[in-house]
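Colleague: I have this one open in the viewer now. Could you walk me through it?

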Amino acid sequence: MTVMETTPAPTRSRADRTAPEVCATPPPPHPRPEGRDHYTISEVVAVTGLTAHTLRWYERIGLMPHIDRSHTGQRRYRNRDLDWLNLVGKLRLTGMPVADMVRYAELVREGDHTFAQRRDLLEQTRHDVRARIAELQDTLAVLDHKIDIYSDRRH
């Protein structure tokens with residue numbers, strides 16, 4: 001299952017339609033084309049910057065979908081897994097708790113009938129991110145003010 005399959009096309013409220021979609025970027029291009037997209041864990045480490053330990057942990061806690069294995073038992077990641085890891089990375093940046101990320105992954109695996117629950121979870125995260133951005137903007141205003149004070153005294 002790819003990120004595109006797990007996330008329905010965004011619908012924007014009337015108020016949101018005038019605001020730009022700041023984070024509406026597609027995932028990065030895949031290193032290999034579909035059909036030739038078998039990656040070892042060390043290749044995924046190189047592409048994502050995650051550690052092998054983290055990848056195994058994600059799998060163990062249910063954050064990663066089932067990872068294919070080679071005939072020797074080595075993990076074989078696919079482009080869809082890279083897409084999923086990209087999404088997980090974005091969710092981590094939002095500050096979403098790991099338990100909520102795991103819940104989201106469970107909802108994805110349960111199927112399309114969970115779209116509303118997934119949307120609710122993502123909307124709550126968006127609310128939290130917007131609150132954090134507002135808090136950071138206030139903090140930035142204080143810093144700018146203090147810098148202006150010190151800049152004026154230098155002259």
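Modeller: Read along the sequence, the protein chain runs α-α-α-β-β-α-α-α, that is, 6 helices and 2 strands, where helices (H or I, at least four residues) and strands (E, at least two) are DSSP runs numbered from the N terminus. This is a predicted model, in which local features need pLDDT of at least 70 and side-chain atom pairs count only at pLDDT 80 or more, while totals for chains, interfaces and linings use all residues. Residues are numbered from 1 along each chain as its sequence is written, and side-chain values use heavy atoms, with hydrogens and water left out.

Colleague: What share of the 155 residues is buried?

Modeller: Buried residues make up 25% of the protein chain, with buried meaning under 20% relative accessible area, exposed over 50% and partly exposed in between (1.4 Å probe, protein chains only).

Colleague: And in the largest nonpolar core, which residues touch the most other members?

Modeller: Tyr-77 and Trp-84 do, in a core of 23 residues; a nonpolar core is a set of buried Ala, Val, Leu, Ile, Met, Phe, Trp, Tyr and Cys residues joined through side-chain atoms within 4.5 Å. Two or more residues come from each of helix H2 (41–48), helix H3 (52–61), helix H4 (79–94) and helix H5 (98–110), and H4 gives the most, with 6 residues.

Colleague: How do H2 and H3 pack?

Modeller: Their axes are 9 Å apart at an angle of about 105°, the axes being lines fitted to C-alpha atoms over the stretch in contact, with angles from 0 to 180 degrees between N-to-C directions. That makes H2 roughly perpendicular to H3, a label for angles of 65 to 115 degrees, whereas under 35 is roughly parallel, over 145 roughly antiparallel and the rest oblique. Ile-41, Val-44 and Val-45 of H2 meet Ala-52, Leu-55 and Arg-56 of H3, contact meaning heavy atoms within 4.5 Å.

Colleague: Switching to Asp-37, why does that residue count as buried?

Modeller: Because its relative accessibility is 1%. Asp-37 lies in the loop between helix H1 (3–6) and H2, and its side chain makes a polar contact with the side chain of Arg-78 (2.9 Å). A polar contact is a pair of N or O atoms within 3.5 Å; within protein, one must be able to donate a hydrogen and the other to accept it, and residues adjacent in sequence count only if both atoms are side-chain atoms. The backbone nitrogen of Asn-79 also lies 2.9 Å from a polar atom of the Asp-37 side chain.
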